[in-house]
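This report covers charged pairs, strand pairing and a surface patch in one protein model. Please look over the sequence and the structure first.

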Amino acid sequence: MAALTDLDRRLLAVLREDGRAPVAEIARRLGVTRATVTSRMDRLVAEGVIVGFTVRVREDAVAGEVRAVTLIEVEGRSTDAVIRRLRGFTEIEALHSTNGGWDLVAEVHTGDLREFDRLLNQIRSIDGVVNSETSLLLSSVLR
């Protein structure tokens, strides 16, 4: 993968702000041609820098959903195996390795508390998971 240029970084910032912005608008904001924006986006997708496009939903738009951050402690050298298992959970939107007292941080999203409880039990039952701590996300004050 080639190093990101300043233009690449600025393009990604615009897409993070509004992933549906028309190419012409992005080009205007960046001071480049539409062809440049299109070729840069195609390259970033081909190189795996951009791995997908998604929609962000306002928190209160879907009542009853549960969002949380789960901190996971893993035993010994079983991190790779635990990560492989966690990748199979559709409720895990993002998974991060970290330093400190916890080995992994999972961003989770379930339809309701019953699903959330089931998910936590499944995570805790994975061989190699020795401890977890979860915080429910109540409201976003900055995004």
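A salt bridge is taken here as a side-chain nitrogen of Lys or Arg within 4 Å of a carboxyl oxygen of Asp or Glu. The model is predicted, so local features need pLDDT of at least 70 and side-chain atom pairs count only at pLDDT 80 or more, while totals for chains, interfaces and linings use all residues. Residues are numbered from 1 along each chain as its sequence is written, and side-chain values use heavy atoms, with hydrogens and water left out.

**Domains**

The domain assignment, which is automatic or from a database, gives domain 1 (6-47) and domain 2 (66-136). Their centres, taken over C-alpha atoms, are separated by 34 Å.

**Salt bridges**

Side chains of opposite charge can pair when their charged atoms come close. Searching the whole structure gives 8 salt bridges. Three of these pairs are listed below.

| Pair | N to O distance |
|---|---|
| Arg43 and Asp8 | 2.7 Å |
| Arg28 and Glu25 | 2.7 Å |
| Glu47 and Arg43 | 3.2 Å |

Helices (H or I, at least four residues) and strands (E, at least two) are DSSP runs, numbered from the N terminus.

Accessibility is expressed as relative accessible area: buried means under 20%, exposed over 50%, and partly exposed in between, with a 1.4 Å probe and protein chains only. Asp8 is buried because its relative accessibility is 0%. Arg43 is partly exposed at 25%, and Glu47 is partly exposed at 27%. Asp8, Arg40, Arg43 and Glu47 are linked in a network of salt bridges.

Arg28 is exposed at 57%, whereas Glu25 is partly exposed at 28%.

**Strands**

Two strands count as paired if DSSP finds at least two bridges between them. Strand E3 (residues 104-110) has 5 of its 7 residues buried, so the rest of the structure largely encloses E3. E1 and E3 pair in the antiparallel sense over 7 bridges. Strand E2 (residues 92-97) also pairs with E3 in the antiparallel sense, over 5 bridges, and Ser97 stands opposite Leu104 in E3. E2 and E3 form a hairpin with 6 residues between them, and Gly100 in the turn has a positive phi of about 95 degrees.

Val69 lies in strand E1 (residues 66-74), and its bridge partner in E3 is Glu107. Val69 is partly exposed because its relative accessibility is 24%. Leaving out residues up to four places away in sequence, Val69 touches Val105, Ala106, Glu133, Thr134, Ser135 and Leu137, where contact means heavy atoms within 4.5 Å. Val69 and Val14 are 55 residues apart in sequence and 27 Å apart in space, C-alpha to C-alpha.

**Surface patch**

Which residues make the nonpolar surface patch? Leu113, Leu136 and Leu138 form this patch, which covers about 360 Å². Patches are built from residues with over 30% relative accessible area and no salt bridge; like charges are joined within 9 Å, and nonpolar side chains (Val, Leu, Ile, Met, Phe, Trp, Tyr) within 5 Å. Leu113 is in helix H5 (residues 113-124) and counts as exposed at 54% relative accessibility.

Methods. Accessible areas come from the Shrake-Rupley method with a 1.4 Å probe; for residues, only the protein chains shown count as cover.
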